[in-house]
Amino acid sequence: MTPVPAALLQGASNFRDVGGYLSTQGRRVRRGQVFRSDHLAGLTGEDMLRLQSLGIGHSLDFRGVNECATTPYAIPGVERVALTIEPTVIARMQALVAQGVVPTTEETVDLMRETYRDFVNHNAATFGRFLKHLLEKPTPQVFHCTAGKDRTGFAAALLLSALEVDRATIEHDYLLTNQLYKRDVRLEGQGHPHVMKVLWQVQPEFLHAAFEAVDAQHGGMRDYLHGAIGLSTQELSALQQLFLEKG
């Protein structure tokens, strides 16, 4: 497993290289090719130069329509690609609050688990486009959502799964968000503290819910990648050739 990296950007947190992990076949995921982050709307001029020095040519943006409108960004030399997945858990939470219901911590966790099951069952086509874009545009790329934790976390889990990294290592990468993500101070005081604590962190149970759905409803990760995600055997092999160092 790779250590927690030092912050690379001043205007974004949770930015890190997805590379460095070993696959179950003993091949290491290439560094400097794919990065994950929270949103990129607060980058400084130095940050943009840093992205240019990394050779990043595309940013793959999982945010919803309103999120993108609220915090737009443009980075010279970087093409933004919209892979829109609306933040449904927020809508569900707002619906409960409108009914005068304040969910408990356990109910909030259940909502998050359901969100991850939705990633698997309702957003597979979008995550499939994500993997195919990485394959078709083999320049360094960064992918992100708002906090870089849920949509981004599942995308990273899918990519690393496709590269045959074991689930314990994938979970390790996923949980780094709790050390690296810095919540926007403008969000402080919004919502009930016990609810917001769940929403702005990641828990193993969230990712487990996704993996359980993959295994129980799709026959395991390989069948899921070939089925709902839509990768052919040749595309999966090409992805591994592109992003794994030669053994």
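Visitor: What makes Arg-167 part of helix α7?

Guide: Arg-167 sits in α7, which covers residues 167-175. Helices here are DSSP runs of H or I with at least four residues, strands are runs of E with at least two, and both are numbered from the N terminus. Bear in mind that this is a predicted model, where local features need pLDDT of at least 70, side-chain atom pairs count only at pLDDT 80 or more, and totals for chains, interfaces and linings use all residues. Residues are numbered from 1 along each chain as its sequence is written, and side-chain values use heavy atoms, with hydrogens and water left out.

Visitor: Why is Arg-167 called partly exposed?

Guide: Its relative accessible area is 32%. Buried means under 20%, exposed means over 50%, and partly exposed is in between (1.4 Å probe, protein chains only). So Arg-167 counts as partly exposed.

Visitor: How do you know which residues Arg-167 touches?

Guide: A contact means heavy atoms within 4.5 Å. Leaving out residues up to four places away in sequence, Arg-167 touches Phe-211, Val-214, Asp-215 and Met-221.

Visitor: What makes the Arg-167 and Asp-215 pair a polar contact?

Guide: The two side chains come to 2.8 Å. The term asks for a pair of N or O atoms within 3.5 Å; within protein, one must be able to donate a hydrogen and the other to accept it, and residues adjacent in sequence count only if both atoms are side-chain atoms.

Visitor: Why is Arg-16 called buried?

Guide: Arg-16 belongs to strand β1, residues 16-17. With 2% relative accessibility, it counts as buried. Its side chain also has a polar contact of 2.4 Å with the side chain of Asn-14.

Visitor: And Asn-14, buried or exposed?

Guide: Asn-14 has 3% relative accessibility, so it is buried. It lies in the segment before β1, and its phi is near 65°, a positive value in a residue other than glycine.

Visitor: What makes Glu-164 partly exposed?

Guide: Its relative accessibility is 21%, so partly exposed is the label. Glu-164 is in the loop between α6 (151-162) and α7, and has a positive phi of about 65° although it is not a glycine.

Visitor: How do you know how compact the protein chain is?

Guide: The chain has twelve helices and five strands. Its radius of gyration is 17 Å, close to the 18 Å that the globule rule gives for 247 residues, so it is as compact as a globular protein of that length. The radius is taken over C-alpha atoms, and the rule is 2.2 Å times the number of residues to the power 0.38.
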